[in-house]
Amino acid sequence: MGRPILLGIVGDSAAGKSTLTDGLVEVLGPERVTAICADDYHKYDRKERAQIGITALHPDCNYLDIFEQHLERLHYGQPILKPVYDHSNGTLVRPEYVVPRQFVIVEGLLCFYTSVMRQFYDVKVYLDPPEDLRRLWKIRRDTSKRGYTAEQVLKELELREHDSQAFIRPQRAFADIVVRFYPSEGARPGESDGHLNVRLILRPTIPHPDLSYLFDTPPGGRSAIRLELARDTHRPVDVLEIDGNVSDEEATKLEETIWKHLPPGVPPLQTDGLGVYVDRGEKRRSHPLALTQLLLAYHLLRAYEENAQVPYAPPVDALRMLRRQRAFVGTSVNHE
């Protein structure tokens, strides 16, 4: 049996990480997926952060060394005793025993921050919504689920801006796929949540399905799904654009194309839960979100089916412990 397949999802607060994760759990099956939020590795609770004057985005506010150890254990298929941060009241509570399943989805603020972390993922995704849209999402979420007032959220956003720029946004450079949901031109962020477009930057760091049929422009019009060659951070990439008003027919064709490129033997999956999100207490569905989740599910399934050829990452933490032991023994001998 091969090791678990790890997907890392990074983005600033309220960028949509949990929404993306929930759809993947639904399509792959909860019995096959272990989902972890890296916010659980905060050193300080909400009250302590306010007293110290540090934000949750700062590396010093998180046990990143323990997070690296746990990523290594999950990569090797071993259980962890994971800390737990309760977002509803901002407190640290009883840890949780977690056993990795076939797929492990890790989402958070600093999941790609170190090279040690990055080596354990099979697929790395960065969520990059426009800032005005993310701010709106954060206000809605934190006032409805986390006990904040709108004024407190706006003040927190201002306090976090420096750390976001210094520590969160640079991680975009390490992603295999960059996902950007955005409103149509001229629409305000709060007016088009159900019809947001998505722009997917597909970097050649992992093999993507062949979507070259999208290069053919339909007669007399512009397709709502387009594939273009472009450059991102001076590197060649494919850019997949999906309009929020894409038709059922076009969306179905892309879905069928993605599944067609999976290795033989992968059973059909339940896709009814794809693209579902909650907006102000109401469940809605988005084709661009569904197709984004589907593409990520494809990458996880492809990696799982090819598991025999997927190597293990070096056991970094084990080697570090061994070096420490040797250094300690050497010091003890010298003292004698």
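**Strands, turns and contacts**

Reply: Start with a pair in the sheet: Asp86 has Thr91 as its bridge partner in β4. This is a predicted model, in which local features need pLDDT of at least 70, side-chain atom pairs count only at pLDDT 80 or more, and totals for chains, interfaces and linings use all residues. Residues are numbered from 1 along each chain as its sequence is written, and side-chain values use heavy atoms, with hydrogens and water left out.

Me: How many bridges join β3 to β4, and which way do the strands run?

Reply: Six bridges, and the strands run antiparallel. β4 covers residues 91–98. Two strands pair if DSSP finds at least two bridges between them. Strands here are DSSP runs of E, at least two residues; helices are runs of H or I, at least four residues; both are numbered from the N terminus.

Me: What's in the turn of the β3 and β4 hairpin?

Reply: Four residues lie between the strands. Gly90 in that turn has a positive phi of about 75 degrees.

Me: Where does Leu81 sit, and is Leu81 buried or exposed?

Reply: Leu81 is in strand β3, residues 80–86. Leu81 is exposed, at 52% relative accessible area. The cut-offs: buried is under 20%, exposed is over 50%, and partly exposed is in between, using a 1.4 Å probe and protein chains only.

Me: New topic. What pairs with β10?

Reply: β8 does, through five bridges, antiparallel. β9 does as well, through eight bridges, also antiparallel. β10 spans residues 235–242.

Me: Which residues in β10 partner Leu202 and Ala230?

Reply: Leu202 has Asp238 as its bridge partner. Ala230 has Val237.

Me: And the hairpin of β9 and β10, how many residues are between the strands?

Reply: Two. Thr233 in that hairpin takes a positive phi near 50 degrees, although Thr233 is not a glycine. His234 is in the loop between β9 and β10 too, with a positive phi near 70 degrees.

Me: Why flag those phi values?

Reply: Because most residues other than glycine have a negative phi.

Me: How exposed are Thr233 and His234?

Reply: Thr233 counts as partly exposed because its relative accessibility is 40%. His234 is at 76%, so it counts as exposed.

Me: Now Leu227. Where is it, and what does Leu227 contact?

Reply: Leu227 lies in strand β9. Leaving aside neighbours within four places in sequence, Leu227 is in contact with residues including Leu211, Phe215 and Val239. Contact means heavy atoms within 4.5 Å. The C-alpha atoms of Leu227 and Leu211 are 7.5 Å apart, with the two residues 16 apart along the chain. Leu227 is buried, at 9% relative accessible area.

Me: What about Ser223? Which side chain does Ser223 meet in a polar contact?

Reply: Glu250, at 2.8 Å. A polar contact is a pair of N or O atoms within 3.5 Å; within protein, one must be able to donate a hydrogen and the other to accept it, and residues adjacent in sequence count only if both atoms are side-chain atoms. Ser223 lies in the loop between β8 (197–202) and β9 (225–232). Ser223 is buried, at 15%.

Me: Where does Ser164 sit, and what does Ser164 touch?

Reply: Ser164 lies in helix α6, residues 150–168. Not counting residues up to four places away, Ser164 touches Asp12, Leu57, Arg169 and Pro170. The side chains of Ser164 and Asp12 make a polar contact of 2.4 Å. Ser164 is buried, at 2%.

Me: Zoom out. How many helices and strands?

Reply: Nine helices and 12 strands. Of the 336 residues, 51% count as buried. The protein exposes about 16,900 Å², with carbon and sulfur atoms supplying 52% of it. Among contacts between residues at least 6 apart in sequence, 71% join residues at least 24 apart.

Note on methods: Accessible areas come from the Shrake-Rupley method with a 1.4 Å probe; for residues, only the protein chains shown count as cover.
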